[in-house]
Amino acid sequence: MTYVKAYDEIRKLFANQALSKQRGYQTKHYSFNVDGGRCPNCKGEGTVKIEMQFMADVELECEACNGKRFKDEVLDIKYNGISIDQLLNLTVDDAISLFRKYNQNRIVKKLIPLQSVGLGYVSLGQSSNTLSGGEAQRIKLASFIGKGEQIEKTFFIFDEPTTGLHFNDIKKLLSTFEKLKVMGHSLLVIEHNLEMIKCADYIIDLGPDGGNKGGEV
């Protein structure tokens, strides 16, 4: 969510709530990256790491915030009955529906690129280090889409971006690729998915098989 700058708008939204203003909270109080409103025990991670001397480290849910990442007084602030923790647990699809209902069009506009690349199922607060390689690629793609015409013509390289995607999400991704082409960008996609391959302008087929039996153009 930080890649597409949606969280900046969400933090402003919570900072503008009446109780938030009354308590003197600023946008920083709704960030888990800096001191202010984040849980001081886990530093906004929601978990604490227990170092084991002869075994792999163990991560446990923070006992101070119960994995919610923020101080209790910050969780008191609600937007239409929803705390910042509850909001961050919503999927992108559910968050778009919520913000459309309350005409928060600036936030919706920033979240739409995530939905358009097939990431509607990802929760807003999901840490980037828990994403798969394909998901990380699509998040970066969404950030470019969100910038629109502001970015220079770019040559994109994607390594199997359809991995783990449902057929309907693959169609969304193909639509996004088409938008990039219309904007003047170029794409090189390494892919095995036939739905993706059949939509390519040019195909470079390496084979005939994999490993030692491959390598021929």
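**Salt bridges in a predicted model**

Reply: Asp-35 is exposed (over 50% relative accessible area, with buried under 20%, partly exposed in between, 1.4 Å probe, protein chains only), its own relative accessible area being 54%. This is a predicted model in which local features need pLDDT of at least 70, side-chain atom pairs count only at pLDDT 80 or more, and totals for chains, interfaces and linings use all residues. Residues are numbered from 1 along each chain as its sequence is written, and side-chain values use heavy atoms, with hydrogens and water left out.

Me: Which side chain does Asp-35 meet in a salt bridge?

Reply: That of Arg-38, at 3.0 Å, N to O. A salt bridge here is a side-chain nitrogen of Lys or Arg within 4 Å of a carboxyl oxygen of Asp or Glu.

Me: Is Arg-38 buried or exposed?

Reply: Arg-38 is buried, with a relative accessible area of 13%.

Me: How many salt bridges does the rule give?

Reply: The count comes to 9.

Me: Where do Asp-8 and Arg-11 lie?

Reply: Both are in helix α1 (residues 6–15), 3 residues apart, about one turn of the helix. Helices are DSSP runs (H or I, at least four residues), numbered from the N terminus. The side chains of Asp-8 and Arg-11 form a salt bridge of 3.1 Å, N to O. Asp-8 is partly exposed at 32% relative accessibility, whereas Arg-11 is buried at 16%.

Me: On another topic, which residues are linked with Lys-12 in a network of salt bridges?

Reply: Glu-9 and Arg-106 are linked with Lys-12 in that network.

Note on methods. Helices (H or I, at least four residues) and strands (E, at least two) are DSSP runs, numbered from the N terminus.
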